[in-house]
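Okay, thanks everyone, let's get going.

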Amino acid sequence: MQDTEDGDAERDAGADGAGAVTETAPGAETADEAVDDGSEVTGDQPADAQSAAEAVEEPARPEAAPADPRPTVLLLGSGELSRELALAFQRLGAVVVAVDRYDAPAHRVADRSAVIKMNDAEELTALIEREKPQYVVAESGVIAADALIAVAQGGVVDVLPTPRSIRLSQDREGLRRLASDELGLPTVPFWFAGSVEELTAVAEHAGYPLVVKPTVGALRDGESVLLRPDDIEPAWQRAIAAGRIPHNRVLAESVVEVDHEVTLLAIRTTGPAGPAVQFCEPIGHRLTNGEILEAWQPQQLPPAALDAAKSITARIVNSLGGRGVFAVELLVHGDDVYFSDVRIRPHDSGLVTLRSQRLTEFELHARAILGLAVDTIMISPAAAELTYGGTVAEPGGNAEPHVGAVLSEALATSESDVLLFAGADDSDDRRRLGLALATAPDVIVARDRARRVGTALRKLWQS
């Protein structure tokens with residue numbers, strides 16, 4: 001509207017023969033106005049003074065607003081975990097722009113937000129050019145990695161952890177080959193198959209049982225265990241249907257005996273002395289029926305296994321590069337440790353750090369990305385139970401009026417806490433519903449408390 005008004009003013013002035021519009025500063029008077037008011041312009045005044053009196057003063061130009069000194073962080077992926085990360089960045093003085101393909105949870109706390117197709121390179125590039133962030137942080141597995149590679153090569157924007165990591169996070173086959181073939185990390189025997197026939201041949205060669213996973217998508221989504229030939233076709237269909245990225249490749253692994261499934265959170269930082277990796281205490285975890293993830297910290301490991309776990313983790317993290325939190329999934333049997341997977345961002349099993357550590361996995365991620373000091377101090381043994389949607393009933397019916405009563409029962413447990421995830425969260429293929437947390441002097445008691453809290457909390461979603 002302003003442009004239109006200015007254009008009209010210029011046209012009016014041209015019609016009067018003036019040829020240009022001269023603005024008068026507020027309070028300034030013309031020479032004629034001064035005479036009308038009884039003031040005199042004498043001939044004794046210098047010509048310059050008379051000119052000054054007759055001239056129209058130029059308005060003072062306002063000074064340009066200073067640039068915002070705060071760093072801007074563009075979060076690509078804005079689900080429930082990104083909401084916690086956005087808050088962590090904001091507490092450290094950053095401006096957060098939350099991005100996703102839908103109106104996501106992090107949009108409600110971010111300074112600005114955008115809804116785009118993150119796997120569309122043109123849309124993503126245009127957004128980055130418009131927002132001009134100092135940091136682009138990948139919090140989703142469905143991103144146009146090629147666009148981020150081009151942005152990173154410009155050398156102006158930090159893309160984290162790295163475009164290569166983002167690409168490999170979308171490709172379990174590439175990641176497994178990096179770990180096994182290039183880095184020589186110990187893994188369980190594995191094969192890849194591109195059809196039901198190839199998977200059948202793998203099963204005949206490897207024998208049963210055999211774990212089948214999709215090569216893309218969230219960890220454990222689309223996973224099956226083959227016990228007999230009749231399981232092959234359903235397992236194939238389940239795996240290729242998982243995730244939001246079309247694919248027709250699956251990973252098949254031999255089943256090995258394990259004592260523990262462990263997440264080792266590694267924080268990679270960079271500084272004048274070069275890159276460094278710090279480790280949190282190991283987190284034990286297990287998934288029950290695809291509906292409940294139980295996690296606890298610390299998970300005690302034999303000294304030799306702990307050393308092996310740290311060595312494996314450091315090698316894969318340093319190969320991926322960048323800064324931030326990496327959640328490395330490991331299988332432990334006695335002193336033997338096998339690499340399983342890595343997440344290049346805070347992940348579900350690390351939610352236990354909301355109560356176990358001085359700095360949560362989100363605060364560690366934000367600090368490392370911004371180049372600030374981190375520590376991995378554990379303040380208390382803790383446990384968590386994360387309930388997912390799916391076969392668990394959605395809230396509704398007579399459940400919602402009793403939220404207060406359910407929370408009262410859940411929080412009656414000593415040293416307990418809960419976190420309810422509100423609204424739709426499409427950041428992963430599995431929807432998070434609620435988190436039960438508990439601390440205790442030892443991890444056994446903490447796990448028992450978390451189970452009690454989780455059992456009470458799940459009444460919100462049970463029919």
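So, H13: eight of its 10 residues are buried, so the helix is largely enclosed by the rest of the structure. Buried here means under 20% relative accessible area, with over 50% called exposed and partly exposed in between, using a 1.4 Å probe and protein chains only. Before I go on, this is a predicted model, where local features need pLDDT of at least 70, side-chain atom pairs count only at pLDDT 80 or more, and totals for chains, interfaces and linings use all residues. Residues are numbered from 1 along each chain as its sequence is written, and side-chain values use heavy atoms, with hydrogens and water left out.

The buried set in H13 is Glu361, Phe362, Leu364, His365, Ala366, Ala368, Ile369 and Leu370. Helices are DSSP runs of H or I, at least four residues, and strands are runs of E, at least two, both numbered from the N terminus.

Now, what does H13 pack on? At about 55°, with the axes 8 Å apart, helix H4 (residues 80–91) packs with H13 (residues 361–370). Axes are lines fitted to C-alpha atoms, for helices over the stretch in contact, and angles run from 0 to 180 degrees between N-to-C directions. The pair is therefore oblique; under 35 degrees would be roughly parallel, over 145 roughly antiparallel, 65 to 115 roughly perpendicular, and the rest is oblique. On the H4 side you've got Leu81, Glu84, Leu85, Ala88 and Phe89, meeting Phe362, Glu363, His365, Ala366, Ile369 and Leu370 of H13. Meeting means contact, heavy atoms within 4.5 Å.

Next pair: H14 (residues 403–410) and H15 (residues 443–457), whose axes come within 8 Å and cross at roughly 170°. That makes H14 roughly antiparallel to H15. Here Val406, Leu407, Glu409 and Ala410 of H14 meet Val453, Ala456 and Leu457 of H15.

Last one, H8, residues 172–182. Its buried residues are Arg172, Glu173, Gly174, Leu175, Arg176, Leu178 and Ala179. Among the elements covering them are helix H7 (163–169), helix H11 (303–320) and strand S15 (336–343). At the start of H8, a side-chain oxygen of aspartate 171 comes to within 3.2 Å of the backbone nitrogen of glutamate 173. At the other end, H8 is followed by glycine 184, with a positive phi near 70°.

Terms used. A polar contact is a pair of N or O atoms within 3.5 Å; within protein, one must be able to donate a hydrogen and the other to accept it, and residues adjacent in sequence count only if both atoms are side-chain atoms.
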